[in-house]
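Welcome! Have the sequence and the 3D view open side by side, and let us walk through them together.

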Amino acid sequence: MNGANQSSGSKTGTVKVKRGLAQMLKGGVIMDVVTPEQATIAQEAGAVAVMALERIPADIRTMGGVARMSDLSLVQRIMDAVTIPVMAKVRIGHFAEAQCLEALGVDFIDESEVLTPADDKYHVAKQKFSVPFVCGARDLGEALRRIVEGAAMIRSKGEAGSGNIVEAVRHMRAIRDSIGELSVAPEEELVARARDLGAPYELVKEVAKAKRLPVVLFCAGGVSTPADAALMMQLGAEGIFVGSGIFKAAAIVENGLPLYDENGFPKIDGSIALRYAKAIVDATTHFEDPKAVVAASQSLAGARPMHGLDLRQLPEGQLLASRGN
Amino acid sequence: MLAVQGDVEEHLRALERSGARATPVKTLAELEAVDALVVPGGESTTVIRLLERFGLTEPIRERVRAGMPFWGTCMGMIVAAHDVAGLEQQTLGVLDVTVRRNAFGRQISSAEVALDIPALGEKPFPAVFIRAPWIERAGPGVEVLASHAGHGVFVRQGNVVGTSFHPELTGDARVHRYFLDLVRAA
């Protein structure tokens, strides 16, 4: 946690290598997993990384309680099970959880609103870490504030575990539209716009000139079908996080209730999960080719997407996206 | 430019800046239309599976064996290799080397290094290594153009070039120009 370290002309933990790993994940799908078995399925399906967490967002939603960083021995077993990068979530502001994950050697940390926030005012000072962070954002101001704190990658917040894409669409459009406005704004407006965005002028100027964030932008929150993935890629996402979409669709249900194994993990049908995960990967790769998205969707034959939530009917307190600002 | 997954855009821009016409390749028809193929940085586990699923593995292997210039950066070098040390990973087998994945360690060991590459001149190259592989074994026809931590990180075997690092993430176009010279000579 010493930030950039230098020894004999070799520098680790630099902004370039942190943002660089996110660049290597572009065009790919990152899948939430709670067990090493799920991680293996995700890798087999073509995921570019897995996100280790204690419960998938849909289960966090139904079970309630405090959602924390995943059990570290489980994260270690997931790291041992796959060769792709392993990410893990920490609660907003919980820098000690982040220190643990860095010491364990995870490849990326998600400071996530999906877990119960540990600090209702401040996010983790991410620049101090050698491990890169990804953070959620609903709009450009939020994205830029996270980047100033040191985030090496941004994702839409969406509404995790809802199976409803509407929030992710709203956030992706908000970010892209604001970048579009900045890119044509006369220079004299940029100081005022920086103030309105709550972000430093230099960063706002950089975004206006490059017409993009200085870090990779993924979509997260509510992706549950191949067409959802294709939609978000066409709206400008550079890759996709799938949280509950895959393993919820593959959950084994009896009398309307999910079954659990002896370790307390939801039972899943591995072959449905694999097919589902492959279909999302295929649609993400070939997002601009509707025929490929059709083929991906048809490969699901029989598997049903997770049940979705109408967000307008959810009480304010159950919305995850409003956590952290 | 293989565009199945990875930092495609960064390579496309770097190639264009160096005077090449670069297009993304995701399908067989697009592969047939190019004179040379660059495979970017990304996740080798993922891309090898996707090439197989989309029916591109064999066509790429055939074209490279027939002389099409090929350059793999990081993931691309793993994809090209003969085999991967300690892993049962399918590869194209067009570059006679054994690579070791994440040879320097996980992400925490990713680094920027001032790398000596005599073939590119005296000035060290700003090499960016990200969860990078190194060359564990190089066959007799393989020329090692640069090494780091005692292992090859820039190799060439005829029409096939491999780098462990990411020249597309730096402003330095010397490796891109090196490859384009090879393409023009082919």
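In chain B, helix H1 has these buried residues: B:Val8, B:Glu10, B:His11, B:Leu12, B:Ala14 and B:Leu15. Their cover includes helix H1 (15-24) of chain A, along with strand E1 (37-39), strand E2 (70-73) and helix H6 (174-185) of chain B. Keep in mind while you look around that this is a predicted model.

**How confident is the prediction?**

- The average pLDDT of chain A is 91, and 98% of its residues score at least 70.
- Residues 1-7 of chain A, however, have a pLDDT below 50; in the model this stretch has 20 contacts beyond near neighbours in sequence.

**Around helix H1 of chain B**

**Where chain B meets chain A**

- How many residues of chain B are in contact with chain A? There are 36 of them, and they touch 43 residues of chain A.
- Between the two chains about 3,100 Å² of area is buried, and carbon and sulfur atoms give 52% of it.
- On the chain B side, the residues that lose the most area to chain A are B:Arg106, B:Ile108 and B:Glu112, together 21% of what that side buries.
- Eight salt bridges are found across this interface.
- A salt bridge to look up joins the side chains of B:Arg49 and A:Glu44, with 3.1 Å from N to O.
- Counting polar contacts, there are 24 residue pairs between chain B and chain A.
- Helix H1 (8-17), helix H3 (44-53), E5 and E6 of chain B are the elements that give two or more residues to the side touching chain A.
- Which element of chain B gives the largest share of that side? The answer is H3(B), with five residues.

**A pair of strands in chain B**

- Strand E5 (residues 111-115) and E6 of chain B pair in the antiparallel sense over five bridges.
- Strand E6 (residues 125-129) is mostly covered, as four of its five residues are buried.

- Is A:Arg155 buried or exposed? A:Arg155 counts as buried because its relative accessibility is 2%, under the 20% cut-off.
- You will find A:Arg155 in strand E8 (residues 153-156) of chain A.
- The side chains of A:Arg155 and A:Ser112 are joined by a polar contact of 3.5 Å.
- Leaving out residues up to four places away in sequence, A:Arg155 touches several residues, among them A:Asp110, A:Glu111, A:Cys135, A:Phe218 and A:Phe241.
- In chain B, B:Arg61 sits in helix H4 (residues 57-65).
- B:Arg61 is buried too, because its relative accessible area is 17%, again under 20%.
- A polar atom of the B:Arg61 side chain lies 2.8 Å from the backbone oxygen of B:Leu92.
- Apart from neighbours within four places in sequence, B:Arg61 is in contact with B:Thr91, B:Leu92 and B:Val94.

Technical notes:
Residues are numbered from 1 along each chain as its sequence is written. Chains are lettered from A and ligands numbered from 1 in the order in which they are written. This is a predicted model: local features need pLDDT of at least 70, side-chain atom pairs count only at pLDDT 80 or more; totals for chains, interfaces and linings use all residues. Side-chain values use heavy atoms; hydrogens and water are left out. pLDDT is the predictor's confidence in each residue, from 0 to 100. Contact means heavy atoms within 4.5 Å. Buried means under 20% relative accessible area, exposed over 50%, partly exposed in between (1.4 Å probe, protein chains only). Two strands pair if DSSP finds at least two bridges between them. Buried area is the accessible area (1.4 Å probe) that two parts lose on being put together, summed over both. A salt bridge is a side-chain nitrogen of Lys or Arg within 4 Å of a carboxyl oxygen of Asp or Glu. A polar contact is a pair of N or O atoms within 3.5 Å; within protein, one must be able to donate a hydrogen and the other to accept it, and residues adjacent in sequence count only if both atoms are side-chain atoms.
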